[in-house]
Amino acid sequence: GKLARATENTIGMHFASAQSSALVKGAHFGPTERGFCEPRGMRAHRVRVLLSRARAGTRAHATVAGSFEPPRATIEVPRRVDPTSLSQLLESGAFGAAVTVDLPDPARFVAPPSTGALPVVSTTAACRWNAPTGSLRKRLRECLKAGDKAWLLVGGDKESWRNPSPGHPDVFRLLEVARELREGRENPPGLWCVANPLLKDTAHEAARLAAKVSAGAEVVVTQPAGLLPGRAERFWADMEREGLGSVPKMVGIAVPSMTSLERWIRICGIREQDEEGQALVRRWRSEQEKGEQSFARFRQAELAESLRFARSLSGVVGVHLLPIETGGVADLLTFMSRRRIEHPDEPLI
């Protein structure tokens, strides 16, 4: 412990003199936040991150080593939804890959639905695989055997996943194991990570993302930026300051009902005292009170605006659709049907 602290302090002082303080900040991982945010990283790993960044001598950037190029649109495959409607989505031709979900509690595990012929991006949450590192290796070897095109590697919310021990693996350890397992392989899977542009401290989240990129992440998938576009724009500016402008980004697109909107508020760590978040909820409730038909039109308009906003952001290579319930699947199918009629020569998403 003393050696690790001394090493970290020495590297930190040396690195601060050679590089901007933003990079050092990026290697120090903050407190647990809800919504794909990792707990404070282990000290030894912070030392490794600082060393690798100091040796690089440049601001954080990603070089895509995986053989799978991020598609124009991906879809997170929801569980417990109408299978017929889900099949229609997956077979629509609108999506270049299906992202499977790694549920937190094995006791509640539901077998993932078929992703059809779509390439698969599998999610692995470090805090779910909480035994020694061998469990992480076993999980990722299974993904390799299945032929997954990319891995979406997340830390997970330990508080809500009933796994509070800080000694368990985090996303940085997961990235390290993933790099080792795919080394030397032909057509290796891509290493994707997540970022949450809806957290109030956008600068801190951007710095954490810079540390993930330095640890090997090649593509960033965000939480639904269109829910709070003003905050997302601040996050994008903070990413630019962290040197992440050239990192490929897939922007999350929520397809919510009123119930699932409130769920997104919780997932993304938007607190009750957050004025921007509460203004969002009030606006949706006001629209809901106008009646179901009016509210349905409002949801369609919000989806269209979220897609437009996502593609206006710099560095965006695609969007990641998140219909987490049956109502979201139905809304997305309605949206795509209208697009097919009104804009037959344009992509559905």
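View 1. Helix α8 (residues 229-241) lies across β5 (190-195), β6 (219-224), β7 and β8, and runs at about 165° to β7. Contact means heavy atoms within 4.5 Å; axes are lines fitted to C-alpha atoms, for helices over the stretch in contact, and angles run from 0 to 180 degrees between N-to-C directions. Helices (H or I, at least four residues) and strands (E, at least two) are DSSP runs, numbered from the N terminus. This is a predicted model, in which local features need pLDDT of at least 70 and side-chain atom pairs count only at pLDDT 80 or more, whereas totals for chains, interfaces and linings use all residues. Residues are numbered from 1 along each chain as its sequence is written, and side-chain values use heavy atoms, with hydrogens and water left out.

**View 2. The barrel and its β7-β8 pairing.** Eight strands form a closed barrel in the order β1-β2-β3-β4-β5-β6-β7-β8, with parallel pairing. Direction ignored, neighbouring strands of this sheet are turned by 25° against each other on average. Two strands pair if DSSP finds at least two bridges between them. Strand β7 (residues 249-254) and strand β8 (residues 316-322) run parallel and are joined by six bridges; Leu 322 of β8 is the bridge partner of Ala 254.

View 3. Buried means under 20% relative accessible area, exposed over 50%, and partly exposed in between (1.4 Å probe, protein chains only). Ala 150, Leu 152 and Val 154 point one way from β4, while Trp 151 and Leu 153 point the other way. Strand β3 (residues 120-125) pairs with β4 in the parallel sense over five bridges, and Thr 123 stands opposite Leu 152. The pairing of β4 with β5 is also parallel, over three bridges, and here Trp 192 is the bridge partner of Leu 152.

**View 4. Packing of α6 and α7.** The axes of helix α6 (residues 171-182) and helix α7 (residues 202-214) come within 10 Å and cross at roughly 20°. The two helices are therefore roughly parallel to each other (angles under 35 degrees count as roughly parallel, over 145 as roughly antiparallel, 65 to 115 as roughly perpendicular and the rest as oblique). Val 171, Phe 172 and Leu 175 of α6 and Arg 208, Ala 211 and Lys 212 of α7 make the contact.
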